[in-house]
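Notebook open, structure loaded. I'll jot down what I look up as I go.

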4 protein chains.
Amino acid sequence: MIVVMEPGASEQQISHMVDRVESLGLRAHVIRGTERTVIAAIGDKREYTRESLRSGPGVADVVPILAPYKVASLEVKPHPTQLRIRDLVVGNGTLGVIAGPCSVESEEQILQTARAVQDAGATALRGGAFKPRTSPYSFQGLKEEGLKLLAAARAETGLAVVTEVMAPDEVELVAEYADVLQIGARNMQNYRLLEAVGKVDRAVLLKRGPSATIDELLLAAEYVLNEGNANVILCERGIRTFETHTRFTLPLATVPYLHRKTHLPVIVDPSHGTGDRALVASMAKAAVAAGADGLMVEVHPDPEAAMSDGYQTLNLEEFSTMMEQLVRVAAAVDKKMPPRLP
Amino acid sequence: MIVVMEPGASEQQISHMVDRVESLGLRAHVIRGTERTVIAAIGDKREYTRESLRSGPGVADVVPILAPYKVASLEVKPHPTQLRIRDLVVGNGTLGVIAGPCSVESEEQILQTARAVQDAGATALRGGAFKPRTSPYSFQGLKEEGLKLLAAARAETGLAVVTEVMAPDEVELVAEYADVLQIGARNMQNYRLLEAVGKVDRAVLLKRGPSATIDELLLAAEYVLNEGNANVILCERGIRTFETHTRFTLPLATVPYLHRKTHLPVIVDPSHGTGDRALVASMAKAAVAAGADGLMVEVHPDPEAAMSDGYQTLNLEEFSTMMEQLVRVAAAVDKKMPPRLP
Amino acid sequence: MIVVMEPGASEQQISHMVDRVESLGLRAHVIRGTERTVIAAIGDKREYTRESLRSGPGVADVVPILAPYKVASLEVKPHPTQLRIRDLVVGNGTLGVIAGPCSVESEEQILQTARAVQDAGATALRGGAFKPRTSPYSFQGLKEEGLKLLAAARAETGLAVVTEVMAPDEVELVAEYADVLQIGARNMQNYRLLEAVGKVDRAVLLKRGPSATIDELLLAAEYVLNEGNANVILCERGIRTFETHTRFTLPLATVPYLHRKTHLPVIVDPSHGTGDRALVASMAKAAVAAGADGLMVEVHPDPEAAMSDGYQTLNLEEFSTMMEQLVRVAAAVDKKMPPRLP
Amino acid sequence: MIVVMEPGASEQQISHMVDRVESLGLRAHVIRGTERTVIAAIGDKREYTRESLRSGPGVADVVPILAPYKVASLEVKPHPTQLRIRDLVVGNGTLGVIAGPCSVESEEQILQTARAVQDAGATALRGGAFKPRTSPYSFQGLKEEGLKLLAAARAETGLAVVTEVMAPDEVELVAEYADVLQIGARNMQNYRLLEAVGKVDRAVLLKRGPSATIDELLLAAEYVLNEGNANVILCERGIRTFETHTRFTLPLATVPYLHRKTHLPVIVDPSHGTGDRALVASMAKAAVAAGADGLMVEVHPDPEAAMSDGYQTLNLEEFSTMMEQLVRVAAAVDKKMPPRLP
């Protein structure tokens, strides 16, 4: 940590801050520049320290040197993690493709989708049973009935089931049916929920919040890891910016950047990331070229009739075409496509 | 709703969309312009409709005409709501001032703060017992012990107690001690939590998420109102933008804008809104001049020793000075300051 | 400057960076932490140094300690600057109010506006003769004819004339007629233009670009100051964020923040800052309460008929009412309103 | 254009707006919904109209239906434009790769770079002679001397020369030496400069401003096209968002989105778009996979010694490796790499 003093900071203030640094169990090292004094605080303390020092008298800024996350960090585990959940293999050179409707709507809808996305090469099925909706007047999902339909689709196809969980007291129920518990972007900093999914034996798909920094995303993952659940997949799904021609802005540089900071697999959701069916395939290919470990894509047999998100949902044929293109891009960047079922 | 067709949309596509509009229970009105056709969909349906129509063939855009929220709307209740919770009076011309530490840390800390902010003119005490922290390694609050200390401070001073609740299954406990349940910015779209606080007999302070639009904020309020709890206070606390010289960017135009859309009281949090103790008083005055119905301010007897947020926290004297200045600004814009206890 | 090395940086990399720091004329001071090494580079070099060091092998980041601007800095001139340009007095406790139409349209329009804003208490007249328009098909201004009309309005009222200049080779012409040369937000980093207005004997009103950081704004001012023109007024007019309910987001914390960094006067433009006539007066009052040294407001006798920006323009009566309210807010924060002409 | 009236708009206000629409030469079509009235304004007028109508009494909003740009639009020219400038072929299926240093620094530097990037497959050379720098104290470029060195490199290699022009009165000079005139991001709305480059017989490379919307970018292009210069290349180089781990946020969805709106070629600058050498190659590949028509990449023989932008600049070997990877990605999305010189 570097404590930068104000230009006119007094000797008394500097000495006060040195005491303060030492009282936190750190070593203080004073450097007097031509215009300012800075104090290097040496030692391995990440949190609290900074907040505390920033409030000191005469302090202009406190610059952290260490990353605030630990278990997620490449410094702790220098090799990329690969997760295997039924047919879904994701990370360390293999692409996991998760596809399916925004909401589970009916047995026919989910079975038809499951078969089609599997044929096209996907290895996991997504589908919302508990739906977080911006408006209380919107369709809220089929709830447990939806979970049962997902499980039925898995029974038939073998696809891993990925579905969202919205509250700590729903974790147990969802975990009964799902292979991967999805934490939606709006819940990325719902800490009680993160703690709850950290305690169950299911992989967790953690979506980046639309205004979350990378440090905040990794610290959210850290909440899960810290409870003992090491199976976390990170998902970039777009951030909120001034752009309005897309629903969110999809910053693909997140992918290679995260790969330099964490061993966790990083996938991309081009459906929410664009909010526009016409842009999904292009951004899926771009995500793979950028090095993503997988994709999460909304697919529905009849997007126009979908109960949610139809405007960003591919139909079965569009998804199949996209997958054919992806195979070529994946090969061009030496990624393995997910293995087909025998 | 206005359905805007693509420039080259075919007659078949137009006719398809007319059918679709009518199948949703709306009247379709086709307008043929010189370059494009638009279809006006007439009737009072707010949600789902738009998503559904946007997925149609040949559709370029769907422009909503009606606001998506109802109960929060000025159209439904044209006069400003005023809430009275013990000494805290907020809305319709009276300023409510909520002050106190980020976290409850000890009996002495909270009692000393409560007495001082009351002397300075505040009518409610804030203090976190359950703390949502970005890092799992940070101080997480005193939990129920903190709630008890807040209740003790209320017993002595009569100040209303405002404190955060983080999960649906903690609502009952927090409601036992608190007068106002605070929903933090990170939980603004935690819908299970919104539903839970909508079911208890406590006022709710709903903070705007850092990337939430105004519609999303009002729809989050709608989740609470829709459960039957009409006592909602909205709080602007800053949004995330490219600016780094403040922790968040505090957009005060939110205040007069919300007053044109909703009857709910709107307060401002200049502490989180700036993240910088040196800017808090200026922005508090600006918020009142902009028409805010109240303020929420972080105050601590010794900010440098605070266990969280010290850098944006006023000490007791700074708060008292700020309140003296606020009295003058409030008078200049014809707002009543909160009445003192006898 | 603090050079932060990567966790695994080698001794060779560290020693390379020490040499590099010294070759730039700085002293290098190596601090070995428990997990990382940092090198403090001591001495007064602001630019180039950072870019150069960031490219070094094993370097994770370079943290600047000194502000990159000099002449604009409070460190160089610790007392607030007050400018006096005819009746316009701005800075160090006195409010300058600049009002007038977006575009000069006719003699009658500009004269009527000038008389009315003067009666209401404004001390400078704004009006665009050269108009930067987003579309080439929009009205581009009356050009020199507009400048002549502004000069005629000044001859009658004595108001200082503020008008925009768009290109280096138009500076001379505009300076013949104007008292204050306005640099529009889109030209904040048009360096040739900044150099050109730095060379003439006219005050400069520099508007913040919608995505400019505070450092970038002050460095743009520095381009003008560096040419010898010390009469620079900074203007906050809103930044581009994800918010769409206002044209821009007006971050008033800019005002007190700038006052802690620079001696230059800081005014606010609530017309562009909101893009909504209904919000202008509230934000004007908020700006003054936040400590602004002045305001720039769009006023037109008939906003609906204005050739540009009518939706954010006050009519004469609205402006007069706003000024009456401002007098009270200004008094509440101990600011002097501009002195009236005798 | 759709004029949306306020919920309580009076018959008089509606009738006033109908008159106003007709006085603008448009047909008015009134639609009375259950809660609001809207007026469709039919006819082909794009600008001014909207601003004018938004100021009307009782008007809540005015929604444009037509795009504000014309010549750049796919509606006007439905087939993608391909430009050929010496070896640089860009658009309609062929990738143009522009590479070179941020600044021209010396004869040796520019010649060595030119030869190396040509060997690696680039078909144009970039290099700044006139440098727009955030600080007046930074290196401002070699000016005409730099242009001469670029021309010398072209004489030797045949590469097309791309270089920035900063002011209208420098256009003639730069056009003497350059094949493509670059308009930097900070000058995207410098309208006098756009007009000036619209009048010369040189292709124009127009970089998106960091807070420009897509409409604003296309309208800036329209300024050039409107002067008669049809050879415009658009360049996405990142927008300013809350993200700080990259210098800008690179929104690659711009590429397929623009291809649905305009026939102009669209290239991507992953150097400025990330500001981080370690991310450049990944984002270059992603850009091509997203459908970009070309790339602009910063390359320098010794980035650490570069006078500007070294931290985002590839060395010669890194560039060569990136080009080998690009060839594979380009093939996977059926793009032709630029043809080599014989």
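By what turn and shift can chain D be laid on chain A? I get a turn of 180 degrees and a shift of 0.0 Å along the axis, with an RMSD of 0.0 Å (least-squares superposition on the C-alpha atoms of residues with pLDDT of at least 70 in both copies). The two copies are therefore related as by a two-fold rotation axis.

Bookkeeping: this is a predicted model, where local features need pLDDT of at least 70 and side-chain atom pairs count only at pLDDT 80 or more, while totals for chains, interfaces and linings use all residues. Residues are numbered from 1 along each chain as its sequence is written, with chains lettered from A and ligands numbered from 1 in the order in which they are written.

Next I looked for the residue of chain D that comes closest to the axis, and found Ala286(D), at 2.1 Å (C-alpha). The same surface serves both copies, as 100% of the contact residues of chain D recur in chain A.

Then the interface: I find 32 residues of chain D in contact with 32 residues of chain A (contact: C-beta atoms, placed from the backbone, within 7 Å). On the chain D side, H8 (254–259), H10 (277–289) and H11 (316–332) each supply at least two residues (helices are DSSP runs of H or I, at least four residues, numbered from the N terminus). H10(D) gives the largest share, eight residues.

Last stop, Leu111(C), which sits in helix H3 (residues 107–120) of chain C. Leaving aside neighbours within four places in sequence, I see Leu111(C) in contact with Ala153(C) and Glu156(C). Leu150(C) is 39 residues from Leu111(C) in sequence and 8.3 Å away in space, C-alpha to C-alpha.

Note on methods: Two residues are in contact if their C-beta atoms, placed from the backbone, lie within 7 Å.
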